[in-house]
Amino acid sequence: MKQALMAALAVMVSGTAGLAQDAAEGEQLYLHHCATCHGIEATGQGPMAGVLVIQPADLTALQGDGAFPVARVVRRIDGRDPLVSHGSPMPVYGPYFEGRDIAVKTETGQPMLTSQPIVDLLAYIQTLQDR
């Protein structure tokens, strides 16, 4: 049973996870749910930034000189690594980002399960690293 699950997960990660990402959908999700704090340009200068105890991250600089931190970003968005800057874990839209689990490959090559909306957000945030 365990081997079958691992084989299925490997198939999902190897071929379809990259194809399942929709950066255009991720951009729409970002503009609707994230730009209020992180800003339209994703530099952490959104209109709500001034009232937050912890300032929003500059999402255009997550990669730095290394690999894009997929696991850290997924954990922050889905609440596994909560950030209580505005009275509740980020995102305040948490239930919206739940749904069908999809495996994504982390920067270490390990699979990680998350939802389709988060996969789309990841795809969009990754496009911001080249700006």
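**Entry 1: T106**

I started with T106 and asked: is T106 buried or exposed? T106 comes out at 8% relative accessibility, and the cut-off for buried is under 20%, so T106 counts as buried. This is a predicted model, so I read each value here as computed from that prediction.

I then looked up where T106 sits, and found it in the loop between β1 (101-105) and β2 (111-115). Setting aside residues up to four places away in sequence, I listed what T106 touches: V70, A71 and M112.

**Entry 2: A71**

A71 was on that list, so I followed it up next. A71 is found in helix α4, which covers residues 70-78. A71 is buried as well, with a relative accessible area of 10%.

Which residues does A71 touch, beyond those up to four places away in sequence? I noted T106, E107 and M112. M112 therefore turns up in my notes for T106 and again for A71, and both T106 and A71 are buried.

I also checked a pair of C-alpha atoms here. A71 and L113 are 42 residues apart in sequence, and their C-alpha atoms are 9.8 Å apart in space.

**Entry 3: the chain as a whole**

I stepped back to get the layout. The chain has five helices and two strands, and from the N terminus on I read the order as α-α-α-α-β-β-α.

How many of the residues are buried? Of the 131 residues of the chain, 39% count as buried. For the surface, I noted that the chain exposes about 7,600 Å², with carbon and sulfur atoms supplying 58% of it.

I looked at contact order too. Among contacts in the chain with a separation of 6 or more, residues 24 or more positions apart account for 51%.

**Entry 4: α2 against α5**

Next I picked a helix pair, α2 (residues 23-33) and α5 (residues 116-127). Their axes come within 7 Å and cross at roughly 95°. Angles from 65 to 115 degrees count as roughly perpendicular, so I logged α2 and α5 as roughly perpendicular to each other.

Which residues meet in this contact? From α2 I wrote down A23, E25, G26, E27, L29 and Y30. From α5 I wrote down P117, D120, L121, A123, Y124 and T127.

**Entry 5: G99**

I went on to G99, which has its place in the loop between α4 and β1. G99 is partly exposed, with a relative accessible area of 47%.

**Entry 6: salt bridges**

How many salt bridges does a search of the whole structure find? I got two. As a reminder to myself, side chains of opposite charge can pair when their charged atoms come close.

One joins the side chains of D81 and R76, at 3.0 Å from N to O. Here I found D81 partly exposed at 28%, and R76 partly exposed at 28% relative accessibility.

D78 forms a salt bridge with R80, the closest N and O atoms being 2.7 Å apart. D78 counts as partly exposed at 29% relative accessibility, and R80 is partly exposed with a relative accessible area of 45%.

**Entry 7: the loop between α3 and α4**

A42 is found in the loop between α3 (35-38) and α4, and at 0% relative accessibility A42 counts as buried. What is phi of A42? I noted a value near 65°, positive in a residue other than glycine. Most residues other than glycine have a negative phi, so I put a mark beside this entry.

M48 lies in the loop between α3 and α4 too, and M48 is partly exposed with a relative accessible area of 38%. Leaving aside neighbours within four places in sequence, M48 is in contact with T36 and C37. The C-alpha atoms of M48 and C37, 11 residues apart along the chain, are separated by 5.0 Å.

Key
Residues numbered from 1 in each chain as written. Predicted model: local features only at pLDDT ≥ 70, side-chain atom pairs only at ≥ 80, totals over all residues. Heavy atoms only, no water. Axes fitted to C-alpha atoms, helices over the stretch in contact; angles between N-to-C directions. Helix = DSSP H or I, 4+ residues; strand = E, 2+ residues; numbered from the N terminus. Parallel < 35°, antiparallel > 145°, perpendicular 65-115°, else oblique. Contact = heavy atoms within 4.5 Å. Salt bridge = Lys/Arg side-chain N within 4 Å of Asp/Glu carboxyl O. Buried < 20%, exposed > 50% of the residue type's maximum accessible area, 1.4 Å probe, protein only. Areas by Shrake-Rupley, 256 points an atom, 1.4 Å probe, with all protein chains shown as cover.
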